[in-house]
Amino acid sequence: MSEATHLDVLIVGAGLSGIDAAVHVSKAFPAKSYALLEMRQELGGTWSLFKYPGLRSDSDMYTLGFGFRPWTGKDAIADGKDILQYLKDTAAEYKVDQHIRYGRKATAYSWSSEDNLWTVAVDNAETGKTEKITANFLVNTTGYYNYEAGYTPEFPGAADFKGTIVHPQHWPEDLDYTGKKVVVIGSGATSITLIPSMAPDAGHITMLQRTPTYIISQPKIDPVASVLKRTLPAGVAAKAIHARYASVTIGFFEFARRQPKATKQLIKRWAKIHLPKDFDYDKHLVPPYNPWDQRLCVVPGADLFKAIHSHKVDIVTEHIEKFDATGIQLKNGQHLDADIIVTATGLDVQMFGGSDVEVDGEKVDLGKLFTYKALMLNNIPNFAFIIGYSNASWTLKADLVCEYIVRLLDHMDENNFTKVVPIVDGGLEAEDIMKLDSGYLARAAHKMPKAGNRDPWRLKQNWYFDKKFIQKSPLVDSEIHFS
């Protein structure tokens, strides 16, 4: 073990949330020492990890952009490379890129009440050794999925397939799909992003899904935003566009929850404008659940629907029986010929980068903990984490959490506190933290912290509620303890 390094604040992860946290902390506390640990050799998180064709945001950039540095690009739905450049530019402008330690993977967090310190074990990819870093306060921004591997179910006969099988999380840079028959397994955001991007070059693409997903189209370039940017001062335009997108996104979610039948009809009406007349919408695009029981997917400029209209793309809704040498045999007797099979079958959910967490020598079972204001955990001192919204932009939540962390650290400094810990006071019933029925979340429910059924443990998935609840409510209450 190398000699310990001490920091006031340690941020784990140099993606969107990590950069957000670093900017907030460095601006508010220029005298505090801090660093970001990044297991890979590039900042950007999701936006530097994934390399598949067509990678883009599935949230509008006016709310996915940071509140302190609004998005000024022309596209409301932006390509992955543009988002990555935005993150790099932000990190450089605020000089947080100078505080990133690359090739460092946090493997264990250990809290000592005797010292009021975190000790973090860190694997150094360059030296092959384990380092030790101590910190007064720890912020985890690694999200909730495994960066090293995606989720792929075991498909019978997969070893018999003579073509190429690819998971989007590990897309080969030299993969040539020109003129090839491609089957993309999955109906989520990755599938509907990949397929329109591959369609012009591929021979034919089949989107093979077991269950449909609700899909709506959104303009890639918003004409209203363009007008506002031309006619208003930059700062005023940014606030107006941000408010507009936040209200529309959250308003539609709340409407869908309250009026699922009407929402289904709206989604169908919007989609059928762009689809062929003979397309079986009810079979292929109506799930057996209500809108927003699982995440709703967005296609910019109706690109997926237009690809289906061109007949270079088909959707098949059926169960897989097995893979064979030339493709996929379905349970209804149909065979899908394929040269390439893309398993866009989801994420492997993993909390805090898979790191072990200990408090005073006892290992913590994260699945049994409650989230305080969806940003701290009960009985875990001096620790905050960032998980964005499932029904709106990730950054809407990240910005609120970062502002709260600043308030919290400022309160501790003013009162000479060295420890803060949420503690459940009284009975609490567990609820799912994400409030979605998606398969990848259901598989991981046992290892994810829970929300509670009352404040301040409740989770609303509503930015307007959180602005009041997180941003403006009193910092001190009966269930957060300072010492």
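## Charged side chains at the surface

Glu173 is exposed, because its relative accessibility is 78% and the cut-off for exposed is over 50%. This is a predicted model. Glu173 sits in the loop between β7 (164-166) and β8 (181-185).

Other charged side chains do pair up. Side chains of opposite charge can pair when their charged atoms come close. The structure holds 18 salt bridges.

| Salt bridge | Closest N and O atoms |
|---|---|
| Lys81 and Asp82 | 3.5 Å apart |
| Asp339 and Lys181 | 3.9 Å apart |

**Lys88 and Glu42.** How exposed is Lys88? Lys88 has a relative accessible area of 30%, so this residue is partly exposed. Glu42 is partly exposed too, at 23% relative accessibility.

**Lys81 and Asp82.** Here the salt bridge has its closest N and O atoms 3.5 Å apart. Lys81 has a relative accessible area of 60% and is therefore exposed. Asp82 has a relative accessible area of 28% and is partly exposed. The cut-offs explain these labels: exposed means over 50%, buried means under 20%, and partly exposed is in between.

**Asp339 and Lys181.** Asp339 forms a salt bridge with Lys181. Which parts of the chain does this pair tie together? Asp339 lies in the loop between β15 (335-337) and β16 (340-343), and Lys181 in strand β8, so the pair ties together parts that are 158 residues apart in sequence. Asp339 counts as partly exposed, at 30% relative accessibility. Lys181 also counts as partly exposed, at 38% relative accessibility.

Some salt bridges share partners. Such bridges join Lys74, Asp75, Asp79 and Lys220 into one network.

Asp339 and Lys181 tie together parts 158 residues apart.

Methods: Residues numbered from 1 in each chain as written. Predicted model: local features only at pLDDT ≥ 70, side-chain atom pairs only at ≥ 80, totals over all residues. Heavy atoms only, no water. Helix = DSSP H or I, 4+ residues; strand = E, 2+ residues; numbered from the N terminus. Buried < 20%, exposed > 50% of the residue type's maximum accessible area, 1.4 Å probe, protein only. Salt bridge = Lys/Arg side-chain N within 4 Å of Asp/Glu carboxyl O.
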